[in-house]
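Welcome! Work through these exercises with the model open beside you, and try each task before you read its solution.

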Amino acid sequence: MSFLINPSFEGKEDHWARINFANATTLGFDPVQGVSAKSGSIFLTLRSSVASGSVGQDVITPQGLTSISAFAWVRAGLDGPVSGALAIWQLDTDPNRPMPAAFVAGNEWTLVTSTLDFPNPTASKTIRIEVYVNEANKSLLIDSVNAF
């Protein structure tokens, strides 16, 4: 079972928040002509007026984890290919900042994955799963974001 709440956006933005460049970033849930959701009937459209706008969710993981993996289904909106990244951040007192999994989304749903190892598995951790759209004024469609 995923650590994330509302991973397929069926509850729209429930538990998801604009994070990087929040004031320049919009989240949309309206259908896109000719595009079906990867899971369920809703997907998220992420758009930003500046590069690297993002959406994410913070969760607390249980003790004993040696790593966490995240995956997301992504595709470009109708405005063509778009680059982005999927990142996992450890937000505790000694943050572990991994290299985000970069991708270029085209006209088909594509699976993107990222993994973060924990040097101290005994403690619970606050993590953030975050998806970035790296190009200004382009639409990134996102569905079924999960973390295990």
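**Exercise 1.** Leaving aside its neighbours within four places in sequence, which residues is Leu 140 in contact with?

*Solution.* Keep in mind that this is a predicted model. Step one: set aside the neighbours within four places of Leu 140 in sequence. Step two: list what remains in contact, namely Leu 44, Thr 45, Leu 46, Val 74, Arg 75, Val 82, Phe 103, Ala 105, Val 131, Tyr 132 and Val 133.

Step three: look at the wider setting. The largest nonpolar core has 33 residues, and Leu 140 is among those that touch the most other members, along with Phe 9, Val 55, Ile 129, Ile 142 and Val 145. Elements giving two or more residues to this core include strand S3 (44-48), strand S5 (67-76) and strand S10 (140-147). S5 provides the largest share, five residues. As background, nonpolar side chains in soluble globular proteins tend to be buried together.

**Exercise 2.** What is the order of the strands in the open sheet of five strands, and which strands stand at its edges?

*Solution.* Step one: trace the sheet, which runs S2-S3-S10-S5-S8 with antiparallel pairing. Step two: find the strands with a single partner. These are strand S2 (25-28) and S8, so each has one side left without a neighbour in the sheet. Step three: zoom in on one pair. S3 and S10 are joined over three bridges in the antiparallel sense, and Leu 44 has Ile 142 in S10 as its bridge partner.

**Exercise 3.** Is Ser 114 buried or exposed?

*Solution.* Step one: locate Ser 114, which sits in strand S8 (residues 110-117). Step two: compare its relative accessibility with the cut-off. Buried means under 20%, and Ser 114 has 7%, so Ser 114 counts as buried. Step three: check its surroundings. Beyond four places in sequence, Ser 114 is in contact with Ile 68, Ser 69, Ala 70, Leu 86, Ile 88 and Ala 101.

**Exercise 4.** How many salt bridges are there, and where in the chain are Arg 128 and Asp 58?

*Solution.* Step one: apply the cut-off, a side-chain nitrogen of Lys or Arg within 4 Å of a carboxyl oxygen of Asp or Glu. The count comes to three. Step two: take Arg 128 and Asp 58, whose side chains meet at 2.7 Å, N to O. Arg 128 is in strand S9 and Asp 58 in strand S4, so this pair ties together parts 70 residues apart in sequence. Step three: look at another pair. Asp 79 bridges to Arg 47, with the closest N and O atoms 2.8 Å apart. Asp 79 lies in the loop between S5 and S6, while Arg 47 is in strand S3.

Definitions and conventions
Residues are numbered from 1 along each chain as its sequence is written. This is a predicted model: local features need pLDDT of at least 70, side-chain atom pairs count only at pLDDT 80 or more; totals for chains, interfaces and linings use all residues. Side-chain values use heavy atoms; hydrogens and water are left out. Helices (H or I, at least four residues) and strands (E, at least two) are DSSP runs, numbered from the N terminus. Buried means under 20% relative accessible area, exposed over 50%, partly exposed in between (1.4 Å probe, protein chains only). Contact means heavy atoms within 4.5 Å. A nonpolar core is a set of buried Ala, Val, Leu, Ile, Met, Phe, Trp, Tyr and Cys residues joined through side-chain atoms within 4.5 Å. Two strands pair if DSSP finds at least two bridges between them.
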